[in-house]
Amino acid sequence: AMPSNTDVKKIEDFDFGALVIGTAKNVVKKRPITVSTWILGLLLAAFANGFQVDDTTRESYSMTLSHAKEVDRTELNKALIALQKAEDRYYNAKGWFWACDKKCQMAKDKADMARAEVNRVQKKRDEIMTTARKEVGIWSVFGVRDVRDSFWSSWKSGKDVATRWTMMDSMFMMIGSSREESMISMILKIVMQYIMNLTVGLIGAFFYFIYNVYYLIVSYGEPTLSGLAFFLLVMVAGMSTVGTYLFAIYGTVAGG
């Protein structure tokens, strides 16, 4: 729901800065373990780069990864093009109300075969990737780099979603606004709406990132206990980063 003019006036009169500072002091005093975990997460996010591997392992990993990329570039790309063409032929062969005669059924069978080929090549590519990743492990510089790339990709996705939502919200605000409403009030409402959208977007992106971390741990073939430890540390680092960013945003707006 979008904030009303009355809500905006109340927010302008409220001393958010004092509230944020007071809340922060109380949290540090009452929850030292939580604060320590939060700081640990920030340190991990900033400085954890993974363990180095020897030159032989690095070269073997690079060669196997190049093989996977070659399969992706040639075989998979070819299979995807064939699938698109087969699906187009099947779509064009359909009759009214999705009726499918013998010719249409043959086109459908060919589309199913093309889809199966795509799945086969994708599985081949994934198996090569898993073989390469098992050589170095999730704790290596390569594993940590993949996790970082996944985090920032999810982060960008969450911010993009918030931007799109805010653009739509702004259009509705302008349509429903009255002439008496000042430009400052309108801008403040849009900023507040963006912050709310950003909060939802980044939280959703964080959960998507956590799922990707699980997939990477499995892909790197990490043992259960080692994978669980890595997963928990990444979750702490991710939560600390997202929480700190949102806290800074709210604190900046509150401080005026």
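Before any pair of helices is described, one definition is needed: an axis is a line fitted to C-alpha atoms, for a helix over the stretch in contact, and the angle between two axes, taken between N-to-C directions, runs from 0 to 180 degrees. Keep in mind throughout that the model is a predicted one.

With that definition in hand, consider helix 5 and helix 7, whose axes are 8 Å apart and which pack at an angle of about 75 degrees. Because angles of 65 to 115 degrees count as roughly perpendicular, helix 5 is described as roughly perpendicular to helix 7. On the side of helix 5 the contact is made by Asp126, Thr130, Arg133 and Lys134, while helix 7 brings Tyr215, Leu216 and Ser219 to it. Sorted by class, the residues of this contact of helix 5 with helix 7 are 2 nonpolar, 2 polar and 3 charged.

Helix 5, which covers residues 102–136, also packs with helix 4, and here the angle is about 170 degrees, with the axes 8 Å apart. Angles over 145 degrees count as roughly antiparallel, and helix 4 and helix 5 are therefore roughly antiparallel to each other. The contact of helix 4 with helix 5 has 22 nonpolar, 5 polar and 13 charged residues.

Is Thr57 buried or exposed? Its relative accessible area is 18%, so Thr57 is buried, since the word is used for values under 20%. When its neighbours within four places in sequence are left aside, Thr57 is in contact with Glu135 and Val136.

As a general background, nonpolar side chains in soluble globular proteins tend to be buried together.

Thr37 is found in helix 3, which spans residues 32–47, and with a relative accessibility of 34% Thr37 counts as partly exposed. Although Thr37 and Ser240 are 203 residues apart in sequence, their C-alpha atoms are 8.3 Å apart in space, and Thr37 is in contact with both Val236 and Ser240 once its neighbours within four places in sequence are left aside. Pro223, in turn, lies in the loop between helix 7 and helix 8 and counts as exposed, with a relative accessibility of 52%. The C-alpha atom of Pro223 is separated by 10.0 Å from that of Ile138, and the two residues are 85 residues apart along the chain.

Finally, the chain can be considered as a whole, with its 8 helices and 0 strands. Of its 256 residues, 32% count as buried, and the chain exposes about 17,000 Å², of which carbon and sulfur atoms supply 65%. Among the contacts in the chain with a separation of 6 or more, 84% are accounted for by residues 24 or more positions apart.

Conventions. Residues numbered from 1 in each chain as written. Predicted model: local features only at pLDDT ≥ 70, side-chain atom pairs only at ≥ 80, totals over all residues. Heavy atoms only, no water. Buried < 20%, exposed > 50% of the residue type's maximum accessible area, 1.4 Å probe, protein only. Contact = heavy atoms within 4.5 Å. Helix = DSSP H or I, 4+ residues; strand = E, 2+ residues; numbered from the N terminus. Parallel < 35°, antiparallel > 145°, perpendicular 65-115°, else oblique. Nonpolar A, V, L, I, M, F, W, Y, C, P; charged D, E, K, R; others polar. Areas by Shrake-Rupley, 256 points an atom, 1.4 Å probe, with all protein chains shown as cover.
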